[in-house]
Amino acid sequence: MKNSLRHLCPLAILALWQLVCMSGLVAPGKLASPLLVLQGLGELETIGLPPGYFLHAHVLYSLKLVGAGFLLALASGVPLGILIGGSRTARTLLSPLLEFLRPVPPLAWIPLSMLWFGIGFPSACFIIFLGAFFPILVNTTAGVMNVPSGLVGAAQVLGASQREIWQKVLLPASLPSVLIGVRLGMGIAWMTLVAAEFTGVQDGYGLGYMIMTARDLQRLDLILAGMAVIGLIGILIERLLALISRQLLHRR
C-alpha cells in the first residue's frame, strides 16, 4: 500500500502536467509536456546535443567530474574534521578561517576558479569540491566532538592507548555523523554540477553543458529532459549512499 501511494503522487503530477500542456493554458514556449520531454530524451541518446555528443557520454563525464570533486572533499574533509573535533588547539587555529569561508557559496568562487585553473575540468572540479567539503567537514567535526566523554574515560581506565581510543572509540562513535556529512556533501556536489560547468568545458561533454546548449537553441524539451536525468541520477546516488551507510553502521 505504501509503495502504491509513493508512486501515485508522481504519476498524478505527470498526468496533470500533460493535461495542462494539452489544454493550452500554458504557451508551448513556456512549458514542454512530459511526452515531449520523453521524446527529447530519445533524441539526446540517438542524435545527441550537439549532434554526435550522446546523452550517455554527457552522463559519464558529469559523473567523473562530480566523483573527482567529491573524493577530494572526502579525502580532505574527514581527516580535517577529525583533527578539529579531537584537538582544541586545531579548533582554535583553524575554526575562524573555516567559519569565514563556509558561508561563501560555491558559485561565488567561479571567477577565481577560472583565473586559478582556467576553463575546463579542473575549475569545475574545484567548484564541486567546495560544495561537498564543508558539509563533510562540519559533520565530521560535530561527530567527534559529540562522542560521550564517558566512553573515552572508560577506555582510558581499561588502559587503552591514545591510538586505540581513536580507532576503537572516537571513530566508530562518530561514524553516523560522518556518514550524514558524506551524504549531504554528495547531494550538494551533484546540485552544483550545472553551475560548475558554467566555468566552461573543453571536451564538449557534461549534463550542465548539454542543458546550456539546449537553452541556446531554445529547446525547452531538451532542457527539461536534462533536468530529469540529473534528478534521477541524484536519487540513485542517494539510495546507493544510504545502502552503504546502513551496511557500515551495521558492521560497527
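**Exercise 1. Determine which residues tryptophan 190 is in contact with, leaving aside its neighbours within four places in sequence.**

*Solution.* Step 1: contact means heavy atoms within 4.5 Å. Step 2: the model is predicted, so local features need pLDDT of at least 70 and side-chain atom pairs count only at pLDDT 80 or more, whereas totals for chains, interfaces and linings use all residues. Residues are numbered from 1 along each chain as its sequence is written, and side-chain values use heavy atoms, with hydrogens and water left out. Step 3: with those neighbours set aside, tryptophan 190 is in contact with Ser62, Leu63, Val66, Leu207, Ile230, Ile233, Gly234 and Ile237.

**Exercise 2. Classify the aromatic pair of phenylalanine 129 and phenylalanine 133, and that of phenylalanine 133 and phenylalanine 134.**

*Solution.* Step 1: rings of Phe, Tyr and Trp (its six-membered ring) pair if their centres lie within 6.5 Å; planes under 30 degrees apart count as stacked, over 60 as edge-to-face and the rest as tilted. Step 2: the structure holds ten such pairs. In one of them, phenylalanine 129 and phenylalanine 133 lie 5.4 Å centre to centre with 35° between the planes, and the pair is tilted. Step 3: these two residues are about one helical turn apart, because they are four residues apart in helix 6 (residues 121-145). Phenylalanine 133 is buried at 8% relative accessible area. Its ring and that of phenylalanine 134 have centres 5.0 Å apart and planes at 75°, so this pair is edge-to-face.

**Exercise 3. Locate threonine 192 and decide whether it is buried or exposed.**

*Solution.* Step 1: threonine 192 stands in the loop between helix 8 (162-191) and helix 9 (193-196). Step 2: with a relative accessible area of 10%, threonine 192 is buried. Step 3: apart from neighbours within four places in sequence, threonine 192 is in contact with Pro106, Ile127 and Ile128.

How values were computed
Buried < 20%, exposed > 50% of the residue type's maximum accessible area, 1.4 Å probe, protein only.
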